[in-house]
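Hello,

Here is the structure for you to look at. My notes follow below.

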Amino acid sequence: MTSPADIVPGPVSPEDADGPVPFSAAEILERCDILATHSSRIGAIERSYLTAEHARTNWTVGEWMAEAGLEPWQDAAGNQRGTLAGPEDDAPVLMLASHLDTVPGAGRYDGILGTLMAIAVVGRLSAKGVELPFGIEVLGFADEEGTRFGRTLLGSCAVAGAWQDSWWDLKDAQGISLRTAFEAFGLDPSRIEEAALPREQVLGYLEAHIEQGPLLEDAGRALGVVTGIMGARRFDLTMIGEAGHAGGMPYGRRRDGLLGASELVTAIEELSRDNGAIGTVGRMQAFPGAANVIPGRAEFSLDLRAETDALRDHVWDLIQERAEKICAARNLSFEAVERHDATATVVGTRLADAIRAGIAATGDAEPLELLSKAGHDAMAVASLTDYAMLFVRCGGGISHHRDESVIEADVALALDAFEAAVLDLARDFC
Ligand code: GLV
Ligand code: MN
Ligand code: MN
């Protein structure tokens, strides 16, 4: 066995490789391509919670975990986990994680890259015979995006011990409840608490992720260190008027829900932008939905984010005030149902320093610091333990889109940095 202090981060056994070098950037990218085929849609990537694709992905990733020296298992929430035991039974546990689910029409790297990087780092350290002073738990979270049940971070909330009983009644677009979907997947809802990690055992949480924005690329940097994650709220909004004849009903008497919603959508952009928040309406549907019928009802979503929860909530108040004005002018009513809220968080100092040291070991002595505007499992885990994140440059800042891209050289640097960050933490125990 080798002490962490003597290890130089980098790939292992290049000369024996048949195919990509084990635990290398090339192998990770090849595996991202493989997981892209675990999709519910032909020609597009979509993998949501508690589906056949989710099960197949867990199985495949479990095999890769075993190759890296991890003990693979699926937890009570459907997260795919791999355990590397520490030197003693009660040794602290370092979590290395990201997610394995996707949005509809996703790219190949959001969440997947970080999960496979975590596995590869353990594989490298195992292959080099490193004896770490702590255990490692690699987690491929099962539901970060919230695509199926509207509530995000379900997998990581279960691990953080923050699961809420009210979630069992959440329904998907087919009306299937979360409880029913759990049972159909072979999970037992009454055992959900078994997914939680004991707080006293956890040392911290590290996640690598593509940036999902253009700042690293604009700055000409491959890697960045995250300072915190914006808080987010999501709502289902409805503008309610009255359907009517598209020809016969005069303008002065129309109660067009879609027009009211449309006015509010542009107001959401104006109010969010002017106040330093980010508001997005990603879905809208008009009812009854015929060319010659005035849409009496419009249903739409709102995703609202800001650096602080206070700012985000202030902008939500402004949006509601504007909705009331629009309703008064157009004789409509407005309903809002909150589907998700996640508190803004900041990284843990020691862990962020480890990420900084990791990036410095790759030659960038003063890494770019980035506030994450995207949500991450780290937000849920922040209620359990400190976290830090490593960002990897992605092409054009594009994410949540099939054209998501990374370059192999950046992933290679990111792997070295992530491995060096783990070793940096290990040195605290030497
Ligand atoms: C997750 O990708 C989010 O930020 O919505
Ligand atoms: Mn995402
Ligand atoms: Mn993600």
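**Domains and cores**

The chain splits into domain 1 (4-230 + 344-427) and domain 2 (231-342), with bounds from an automatic or database domain assignment. This is a predicted model: local features need pLDDT of at least 70, side-chain atom pairs count only at pLDDT 80 or more, and totals for chains, interfaces and linings use all residues. Residues are numbered from 1 along each chain as its sequence is written, chains are lettered from A and ligands numbered from 1 in the order written, and side-chain values use heavy atoms, without hydrogens and water.

The domain centres, taken over C-alpha atoms, are 35 Å apart.

Together the domains bury about 1000 Å². That is accessible area (1.4 Å probe) lost on being put together, summed over both parts. Carbon and sulfur atoms hold 53% of it. On the domain 1 side, R151, M230 and A344 supply 48% of the buried area, more than any other three residues.

Now the cores. A nonpolar core is a set of buried (under 20% relative accessible area, 1.4 Å probe, protein chains only) Ala, Val, Leu, Ile, Met, Phe, Trp, Tyr and Cys residues joined through side-chain atoms within 4.5 Å. The largest has 102 residues, and L178 and L206 make the most contacts inside it. Another core, of 21 residues, lies apart from it; A298, L304, A323 and I326 are among its members.

Best wishes

Terms used. Buried < 20%, exposed > 50% of the residue type's maximum accessible area, 1.4 Å probe, protein only. Buried area = accessible area lost by both parts, 1.4 Å probe.
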